[in-house]
Amino acid sequence: MAKKIILLLAFLIGYNYSNARQLKYPNIFPEETPFIHKGLLRTTLTFATGYMPKQKINNLYLTGNIEYYADSKISFRGDGMYFFNSMNQDKTLKQNHSLYGGAAWHFPKKNFDAFVGLQTGLAICQLGTLYQNAPKSEIAYNPLVSPILGFNFYAQNWFHLFVNARYNIGNHLSADAIMPINELNFSFGLGFNIN
Amino acid sequence: MNQLQKTFLFLAIFIVNSAVFAQSKNESGQFFLGVRSTSSLFTDAGSPGSGIGGQFRIRMGKRVNTEWFADYLTTNIQNLGYRRDGHIGWSVLFYLSKEPLQLKKISPFLIAGHCFDYTKVYVLADKKTEDRWSSAVQMGIGTHYNVTEKFDISLTTQYMNHLGADLHSHIEKNGDVKELKIEKHGSAGLEGHLLITLSLNYNLGNLWRKK
């Protein structure tokens, strides 16, 4: 019973704080909403799936990002992806972690925040036993260019729903093999935002 | 020093000289931070390379800016080997328009500068590798497009001419078999490549002026 009361109170406080902010900032700018404005900082951590069309394999990642809104339409964003494994027992990849940095252009409308963006990245990639021709395969640092697309939906003042897609364009170049590491990634979940 | 290198140096001196005379107190000190992606054309065996990097700009005057960059590029040489390049250097930008960096307008510029670079070429078949450190000069043209007052997208095309030891690779056909060969010469050659850079930049403020 006590847990239910605490949960109800937490919900009511959050709801009232959110409404109070909407009343305080009804229309800062025509396209600016109570949630999407200069200074907004958001961050996420979730799982992502990836599909490599050349190798025809699906990969699983832990992914996170941090994003700062320079104004309601421009944001700067850094992302990281930690490679767990290929889901279909494929031995192509042993590691395929990556880091990204870039900017996104937003189309905010009330609580809905669609965006497109472009990031450059670096993949830390090591091939698996399928390509290993030495006692240990080489770890290669491969540059990536990565367009992103998605949306955020801000329902509360400190968290939001997000859907994100990215397409990595790059090549793995090592003494073991040369191959494209183009990949379509998809992730969704809940993120936190600080206003 | 050959004719091409003399031309590079002359243009670099011209642009730096212009910078001194074109200084303006109002714009001087603006600091831009950005990320960039560079494509390299006409490098080894005709294979294009691509890479990533970062840069910052410190504006010296109304029509003069400086750019400080680092790039990491890789090239797949027709699946026979690869090349890795690292560049770190600077450039001076001279704006052709009298009122550059205006909202929703292009700002074309001349650009020239210098960088230090590291190159490594690897051949898959015989596991042969060669590398070299050198410096290079680069020169070209480009433009900014200001999407907002503080955010710009820039496109630059430059020719980079290496001043150190000559390192290049080429493909030899032995019947139906293609072989990648590396050549390294101690003397400086005319080795160079065309670099096309796309960058996203944000003006973070003025380094030595308060609003």
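This is a predicted model: local features need pLDDT of at least 70, side-chain atom pairs count only at pLDDT 80 or more; totals for chains, interfaces and linings use all residues.
Figure 1. The largest cavity has a volume of about 100 Å³. It is lined by 15 residues, and those closest to its centre are A:Thr63, A:Arg77, A:Asp79, A:Asn164 and A:Ser187. Five strands of chain A give two or more residues each to this lining: β1 (41–52), β2 (57–69), β3 (74–86), β7 (159–168) and β10 (183–194). Sorted by class, the lining of the largest cavity holds eight polar, four nonpolar and three charged residues.

**Figure 2. The second largest cavity.** The volume of the second largest cavity is about 50 Å³. Its lining consists of A:Tyr61, A:Met81, A:Asn96, A:His97, A:Ser98, A:Tyr100, A:Ala123, A:Leu144, A:Asn168, A:Ile181 and A:Glu183. With four residues, strand β4 (residues 93–109) of chain A gives the most to this lining. Six of the lining residues are nonpolar, four are polar and one is charged.

**Figure 3. The interface of chain A and chain B.** At this interface, 23 residues of chain A are in contact with 24 residues of chain B. The area buried between chain A and chain B is about 1,800 Å², and carbon and sulfur atoms give 72% of this area. On the side of chain A, the residues A:Pro143, A:Leu173 and A:Ile178 supply 31% of the area that the chain buries against chain B, which is more than any other three residues supply. One salt bridge is found across the interface.

**Figure 4. The salt bridge between A:Glu138 and B:Arg84.** A:Glu138 and B:Arg84 form a salt bridge. The closest N and O atoms of the pair are 3.8 Å apart.

**Figure 5. The second largest pocket.** The second largest pocket holds about 300 Å³ of space. Of the 14 residues in its lining, A:Phe76, B:Leu33, B:Gly34, B:Tyr202 and B:Leu204 are the closest to the centre. Three strands supply at least two lining residues each, namely β4 of chain A and, from chain B, β1 and β10 (192–206). Strand β10 of chain B gives the most, with four residues. The lining of this pocket has nine nonpolar residues, four polar residues and one charged residue.

**Figure 6. The surroundings of B:Gln30.** B:Gln30 lies in strand β1 of chain B, which covers residues 30–41. This strand is one of those that supply at least two residues to the lining of the second largest pocket. B:Gln30 counts as buried because its relative accessibility is 18%, and the cut-off for buried is under 20%. With neighbours within four places in sequence left aside, B:Gln30 is in contact with B:Arg57, B:Ile58, B:Arg59, B:Asn203, B:Gly205 and B:Asn206.

**Figure 7. Chain A in outline.** Chain A has one helix and 10 strands. Along the sequence, the elements of chain A follow the pattern α-β-β-β-β-β-β-β-β-β-β. Chain A has 195 residues, of which 47% are buried. Among the contacts in chain A that join residues at least 6 apart in sequence, 61% are between residues at least 24 apart.

Technical notes: Residues are numbered from 1 along each chain as its sequence is written. Chains are lettered from A and ligands numbered from 1 in the order in which they are written. Side-chain values use heavy atoms; hydrogens and water are left out. Buried means under 20% relative accessible area, exposed over 50%, partly exposed in between (1.4 Å probe, protein chains only). Contact means heavy atoms within 4.5 Å. On a 1 Å grid over the protein atoms alone, a cavity is a set of points where a 1.4 Å probe fits but cannot get out, and a pocket is an open set with protein on both sides within 12 Å along at least five of seven lines; lining residues have an atom within 4 Å of a point. Grid points are joined across faces, edges and corners, and a volume is the space filled by probe spheres set on the points. Ala, Val, Leu, Ile, Met, Phe, Trp, Tyr, Cys and Pro count as nonpolar, Asp, Glu, Lys and Arg as charged, and the others, Gly among them, as polar. Buried area is the accessible area (1.4 Å probe) that two parts lose on being put together, summed over both. A salt bridge is a side-chain nitrogen of Lys or Arg within 4 Å of a carboxyl oxygen of Asp or Glu.
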